[in-house]
Structures are given as structure tokens and as C-alpha cells.
Amino acid sequence: MIAQILAVAIFLVMFGLIVSEKIERHIVSMGCGVLMLVFVFGICMHSMPAVLETLNIGGILKPSFWYLAGASEEASSGINWATIIFIAGMMVMVEGMGRAGFFRWLCLYIAKMVKYKAIPIFITFMMMSFVLAMFIDSITVILFLAAVTVELAQLLGFSPVPVIISEIFCANLGGSATMCGDPPNIIIGTSLGYTFGDFVKNTGLIALISLVFVILYFYFCFHKELKQTHGDGEISYPQPESAISNEKDFIISCVIFACAVVMLVTHAQTGLTVATIGLAIGLVTLITAGRDAIVLLKKVDYKTLLFFIGLFIVVGGLEQTGILKVIADFIARVSGDNAMLMIAIVLWISAVASAFVDNIPFAATMIPIIKTLSQTAGVDLSILSWTLAIGTDIGGSGTPIGASANVVGISVASKSGHLIGWGKYCKYAAPATVLVVLISMLCIYARYF
Amino acid sequence: MEKEKQLIISVGREFGSGGHVIAEELAKRFDIPLYDDNLLMQIAEEKNLVHGDLTKYDEKPKNKLFYRTVKGHSNSPEENVANIQFEYLRKLASEGKSFVIVGRCSETKLKDFPALISVFVLGDKEVKAKRIMEKYDLSEEDAKQMMQREDWKRKSYHNYYCKGKWGDSRNYDFSINSSRLGIEKTTDMIEMFIKEKHNNPA
């Protein structure tokens, strides 16, 4: 009982400190992780096996961590090293691509293709945001897209705000489509043993259907605002080629990105795990970068990786003490035998919670809960997984603080003087979020029940 | 005053101390432009933005509960407006322009410019309250409440962006209580100090 109370207290302190931003979140999660190991596992539970299971070092040494010959295997609880290694590898690759000018080139190339017209830029940039976010972290996608949007908006004389809000929304939507698009999906996929293809066939399909509605919705919201005031006279448009800092690096980064996509799409067939893919693309990027490898390594966001490690330990503590089972049993009791109600509860709670708090700790906490729910209530775990993924990924779009991409996109717009407060953001993004969550719920009901 | 020698006067002030009036008078006496909330108007004109959108967040403390920072990117309108102003002030200073700037953390943000002379104007509570009562046609209680509220905002705004504390005399070249000599004589004292420091820097 004391262990449970202490575990919940540590978790709540961690959540509160993350939200308050008083201390950097990696310090918070690592600090709380250490407290969990020492006080809960050590002093209260006297359980060395619980410590070892949560640290999960042994998992990395198993061949199945790197290569799965047969069917996918469920990872044990605790630190999800596959997620950490995959994200680290992707960070290195994305940094290499950014340095070579890939993202800026792509944005300018598409703008040129649509002849620098505001509405076509608006629609194609939404689609590009969706597609890129399927494979690359949404912060990077939005950082580059929003910067180019501001630049083009100034040149062509339209407001960048509608375009950036739409791009943010589509980046979060695109992230929900694949296993590597958004951190909650990577955690769900690696923790429960799903493949890239599983996500594409399930959350991907829902995201694609939603995208059609989202594009129409934003078009009707913004098409009047997007009337450009310049653009017919002599304007010197930025050329895509100007974005490429080094042609050789550019080609190499494109090839590595293509290989990463192919490896991810085929990993169920090849047996390579996401940890192997992350390690491979990270290593290849570093080898091909030559002397710049050290610069790339320095740019890796170690703070995020440490945040994940600490977070997994804290959630491991909740799991080991049985708290998450209590929550799962409560949800099961509330929804009775009604699986559809259970899906609705998981979906809407995930969406609403993710609109206000970081969706990564939320998803990590919910995974053991849906596992228990599936066992006790007999609802297919995969349906609960897709529901959780969609809820956490899409819910984040609802408010300016719901997802990292929102913060970064709004920041880029605001730095150029185009301020986006809660009112302006929520006026457009909150209804779109409700719309997509509703569409997703209907899709889940139609397909799985 | 030698026109070619750059002069930047930063005036920090407590609400009701008459700091703004003093800043206006200094701008007149040294024949240099005054920047206060008009700074945002100038920025909005240059960047082709709606002025009102920016003014709403001028010199306001960041609302930490409703906004987040991710990898150094903040989505707080208050913080972004503040940074836009700091950047613009530094640009003006780098271009060698002379001006008087009221508040906006200028004593810290322009610290690297040798042309900067920073002043902080404070005042006695009763005297400040009287000025506020007259200016805004308020009761004494309301004036004191307004003073407390506005000073809290200025303090929170300042202390979020600067290491040194708002009003701490160690952060300014010259701190003066305007209630002791009155606005005009205080302005004379500051003018004298600025002339001396500007013409004969230590």
C-alpha cells in the first residue's frame, strides 16, 4: 500500500513539474525515476527483480530485440530501449537531412510546382506536412514548413497564420498514421509488438480518411483569408536549388531517408526491428557525414532521450505496484460489458488529456492499462491500441499546448509578429480535433464491431 | 549635445512615479525620439502587421500555465512580443541611433552598448497614489490597488527576461526617488547625470 501511494505521489510530482516547466523535463523524469527505483522498488518493495525488469537491460541482449525471425513479440515492461534507440537514430538522420537542405528544398520545390499561388500552397503544404510527419518527427517537419510558409507569406502578401495552423494539424494527423510518426505510436508499437504495416492498415487508414475532411474543413475556414495581395508583379521567388548547401550531402540524405522508409515499411517481412532500423540509419548517416559526424552527434537531443528513460522507469513503478491495474479495473467496471463504450472512454479520455498534457507520458501510462483491460474485459488489444494511438495523437491538436508541433509552429509564426493565442488557435483547431476524433470513433465502430 | 555621439537613455519606473513623464521630458531636452508602446507601432508598420494584435501583449508577464516552451521555442504571445521588441531595440542601437526607451528590460537588453545610460525612477507610495488618483480619476484605495497590480506586472515581466531584479539599484546607473524633489527637479538631476556621464565617461 505504501509503495502504491509513493509511486502515485512520484508520478503526480513528475507530471506537475513537467507541466510547470520550472525544471527541464529530462531532469524531472530522471530524478523521479531514481526516486522510484530507490524508494518504491528498493525501500518499500525490497524487490531487485522489479528493478531489473524496469531497467530492462537484459532485453537489449536478446537476439529478438534486434531481429525477429517469426511473429512479432511483445516487449516486457520498463524502459523501452527499442523506442530510445529508434528515436536516437531518427534524430541523427533528420539532423543530416536538415543540414543538407532537404526540407527547405522540398517546401520551395512544391511552392514552385504550384506556381507560388496561396491556395494551392495552402493545400499542398497540408498534404506535405501529413506525409512527412508519417516518417519524421513533427517538430522538425513544422519547424521547416512554418519557416518557409512565413517567408512565402511575406513575399506573396497573405497571412501565414491559417496555413501554419493547418500544417500543425496535418502534422499531428500524419504522425498518427504510422508507427514512427509520433512518439506514442512508437511506444505502443514496440511495447505491444505491432509492426509499421499494422499501424498503416489501421490508424493510417483512419488518418487518411480524416485528412480528406480536414483539408475541406480548413479550406472552408480559411479560403477567404488567403487572398494574396502581391504575386502578380515582379517578385524574386526563392529557388529550391538555393536550399541545397551541398549536393553530395543532399543526395546521400535523400537516399538514407528512402532506405529508412523502405526498411520501416518492410520490417514485418525482413524481421528487422525498429531498434535495428534506428541504429542502422543513425550509423549510416554518421559514417557518410565523415568529419561532420561529431557535429551531428552533438545535435542529438539527448534531453528528450533521457526524458523517455526516466519516464519509462516512473511508469514501470506504477505498473509494478499494481496502480495501473486498479485504473484498468475501474474503466472496465464503468463500461461494464460494453466494448463500444470502453473504446469511446479510452478514445475521448486520451484525446482530452492529450490536449492539455504531454501525450508521451500519458500514452506510456495507458499502455499497461489497455493491456489489463484487454485481459479482464476481453476486448481485442489491437483495437484498444489503435484507439489509444488515435486519441493521444489527435487530441494534442486541440490546444496550443497539446503537442510539441503546435508550440513550435505557433512560435515560428509569432517570431515574425503573427501572434497565435489560445482564442485564435482553438477557434479553428478545436472543432477540427473534435471532427477527427468523431470520424475516428465511427471508423473504429464500423470496422471492428 | 553632439549629434554624432550615440546616446541611449533607458528609463525604468514604478507605476505612478512619473517615470514616463520624465522620459518624455528627457527626449525633448536631448532632442532624441522616445520609444514606449509606440515601439510596437513602428515594428508593426515595418513588418506590415496589425498593430493592435501586438499591443495587447506589450510588457505583459508570460502566462506560464497556458503556454509551453519546446526546444527553446515558446508559443507565448507575451514572450514573443517581448523578444521582438528586444531584437528591434538592439537593431536600433546597433545602427547607432540615439533614443529614450521606457521600460522593456532595456537596461539589461542594451547593456552591451556603451551609449546606454540607465535610470530607474521610484517614488513614495502616498505620492504615487496621489498621482494615479489624479490621472485616472480613482479613489485612493483603487489607485493603490492599480499601483500594486501594475508594479507586479512590470516586476514579473522584467524578472522573467533578466537576471537582475526589477528596481534593484545595482542594475541601473542612476536610481532616484521622484517624490523627494518633484518631477521637474528630478528630471533636472537625471539630465545633469546623463550629460556628465555622456560627455565624460568613466
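This is a predicted model: local features need pLDDT of at least 70, side-chain atom pairs count only at pLDDT 80 or more; totals for chains, interfaces and linings use all residues.
Let's start inside. The largest nonpolar core has 166 residues. Which residues have the most contacts inside it? They are Met93(A), Phe125(A), Ile136(A), Phe218(A) and Leu373(A). Helix H6 of chain A, residues 81-100, gives this core its largest share, 13 residues. There is also a second, separate core of 22 residues, and it includes Ile8(B), Val81(B), Leu110(B) and Ala115(B).

Beyond its neighbours within four places in sequence, Leu373(A) is in contact with several residues, among them Ala328(A), Ile331(A), Met342(A) and Leu384(A).

Now to where the chains meet. Chain B brings 22 residues to the contact and chain A brings 25. Together they bury about 2000 Å², with carbon and sulfur atoms giving 56% of that area. On the chain B side, Arg68(B), His73(B) and Asn75(B) supply 32% of the area that chain B buries against chain A, more than any other three residues.

What holds charge against charge here? One salt bridge is found across the interface: Lys71(B) pairs with Asp301(A), and their closest N and O atoms are 3.3 Å apart. Seven residue pairs are in polar contact across the interface as well.

Finally, the elements of chain B. Helix H4(B) gives the most to the side that touches chain A, with four residues. By class, that side of chain B has 10 nonpolar, six polar and six charged residues.

Technical notes
Residues are numbered from 1 along each chain as its sequence is written. Chains are lettered from A and ligands numbered from 1 in the order in which they are written. Side-chain values use heavy atoms; hydrogens and water are left out. A nonpolar core is a set of buried Ala, Val, Leu, Ile, Met, Phe, Trp, Tyr and Cys residues joined through side-chain atoms within 4.5 Å. Buried means under 20% relative accessible area, exposed over 50%, partly exposed in between (1.4 Å probe, protein chains only). Helices (H or I, at least four residues) and strands (E, at least two) are DSSP runs, numbered from the N terminus. Contact means heavy atoms within 4.5 Å. Buried area is the accessible area (1.4 Å probe) that two parts lose on being put together, summed over both. A salt bridge is a side-chain nitrogen of Lys or Arg within 4 Å of a carboxyl oxygen of Asp or Glu. A polar contact is a pair of N or O atoms within 3.5 Å; within protein, one must be able to donate a hydrogen and the other to accept it, and residues adjacent in sequence count only if both atoms are side-chain atoms. Ala, Val, Leu, Ile, Met, Phe, Trp, Tyr, Cys and Pro count as nonpolar, Asp, Glu, Lys and Arg as charged, and the others, Gly among them, as polar.
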